[in-house]
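Welcome! Please keep the sequence and the 3D view open as you read.

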Amino acid sequence: MWRKRPTAVSILGFLLIAYALANALGGGKALCDSISCQALQKNALWWAGAVYAGVLLCAYRFARMLMGGIVVVGMAAECALVLTQVLLNLYCPACLGYTALFVLWVFLAGPEMVPLAKKASWGLAAATLGAALLVVSLTRSVCACSESPFATVSGDEQALYLFFEPTCTHCHSVLEMLEKMAVKNRVRLCPEAWSLASVWKLVQEHRETCTRWPERLKCLKSTLAVVRANNAFCMERGFLTAPFVVHQGRIVTGADVPGYLLSVLESSLVGFDSQELLIPMEAGGSCTVNACD
C-alpha cells in the first residue's frame, strides 16, 4: 500500500491540473451552467488552480519540506471559496469537484507532511465546516432588520415581487422608477446576490439607520437569510437574469418589466406622466451574472 501511495498522489495531482485546465478552457460549462456556476466560475481562478496544482505536485516530488506550507495556502483558499458558496446559497458542482479532488490529494499526501501543516490544514477544514453549519442555522429563519424592505417570495400570489441584483444597472433604473411612484407598500423587493460584495452593498443601504454593531450584525444576518432564499428560488427555476417580476403566477423578465409594473401600479402614480417614467429600453433590458445587455 505504501509503495502505491506516491503513484496515486502523482496521478491525482495530474488529474487536478487537467481538471482545472479543462474548466479554464470552457469544459466546466458542460458540468455546470446554472446561475451558481455563472456567478462563481472565473477563468482566472481555474488558471490559478491549474498552476497551483502543478506547484503542489512539484513540491511533493522534489521539495517535501515546502509542501506543507503550500498545502495550507491551498486549503485556506478552498475553504474561503466553499464558505462563499454557503453564504450565497449558490453551489457550483465544478468548483466543488476541484475541492473534492484537492481534499483527497491532501488526505493521500498527508502522512508525508510536517505535523504542524497537517494540523493547520485539517483545522481550517473543520473551522469552515463549523462556520457553514452556523450560517445555515442562523439564516434558516429570517429575523428581519426593522429598517430592511427586503423580502422573500411567499405563497401570496396577489403580491407583486420585484427581483433585483445590486450590481445590475437595469435593476437600478427600475428601482429609480418606483421611487417616483407611491407604491412603497405594493411592491416587495426581493434581492438576489451574485457575490459577497453585493450582499455587503445591500447591508450598506441601511448604515444610516443601523448605526450600532448589534443592529448591523442583525441586518447582515437578515440580508443573508433573504439573499440565500431568493438565490435558491432563482437557481431552482433557472432564472439567470435580473430584474424580473413574479405576480399572480406570472414571470415577467427583462425589457418587459417596466411596462408591466406601470400597467399594474398605474392607479398609484403621483403627479407624473407615465410616459416620463418609462426607462430607456436598451437591447434586452436585463443583466446576467456576467454583464448587462
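The points below cover the core, the cysteines, a helix, some strands and a loop.

This is a predicted model, in which local features need pLDDT of at least 70 and side-chain atom pairs count only at pLDDT 80 or more, while totals for chains, interfaces and linings use all residues. Residues are numbered from 1 along each chain as its sequence is written, and side-chain values use heavy atoms, with hydrogens and water left out.

**The nonpolar core**

- A nonpolar core is a set of buried Ala, Val, Leu, Ile, Met, Phe, Trp, Tyr and Cys residues joined through side-chain atoms within 4.5 Å; buried means under 20% relative accessible area, using a 1.4 Å probe and protein chains only, with exposed being over 50% and partly exposed in between.
- The largest such core holds 82 residues, and Trp105, Leu162 and Leu261 have the most contacts inside it.
- Helix α6 (residues 93–109) gives the most to this core, with nine residues; helices (H or I, at least four residues) and strands (E, at least two) are DSSP runs numbered from the N terminus.
- Leaving aside residues up to four places away in sequence, Trp105 touches several residues, among them Val9, Leu12 and Tyr60, where contact means heavy atoms within 4.5 Å.

**Cysteines**

- A disulfide is counted when a pair of cysteine sulfur atoms lies within 2.5 Å, and the count here is zero.
- Cys92 counts as buried because its relative accessibility is 0%.
- Cys219 counts as buried too, because its value is 1%.

**Helix α10**

- Helix α10 (residues 213–237) has 25 residues, so at 1.5 Å a residue it should span 36 Å; the expected span is 1.5 Å times one less than the number of residues.
- The end C-alpha atoms of α10 are 36 Å apart, which agrees.
- Gly238 follows α10 and has a positive phi, near 75°.

**Strands**

- Strand β4 (residues 244–247) is antiparallel to β1 (residues 160–164), joined by four bridges; two strands pair if DSSP finds at least two bridges between them.
- Strands β4 and β5 (residues 250–253) also pair in the antiparallel sense, over four bridges.
- Two residues separate β4 and β5 in their hairpin, and Gln248 in the turn has a positive phi of about 55°.
- Phe244 and Val246 are buried on one side of β4, and Val245 and His247 are buried on the other.

**A loop residue**

- Leu90 sits in the loop between α5 (64–88) and α6, and it counts as buried because its relative accessibility is 0%.
- Leu90 and Ala193 are 103 residues apart in sequence, with their C-alpha atoms 9.6 Å apart in space.
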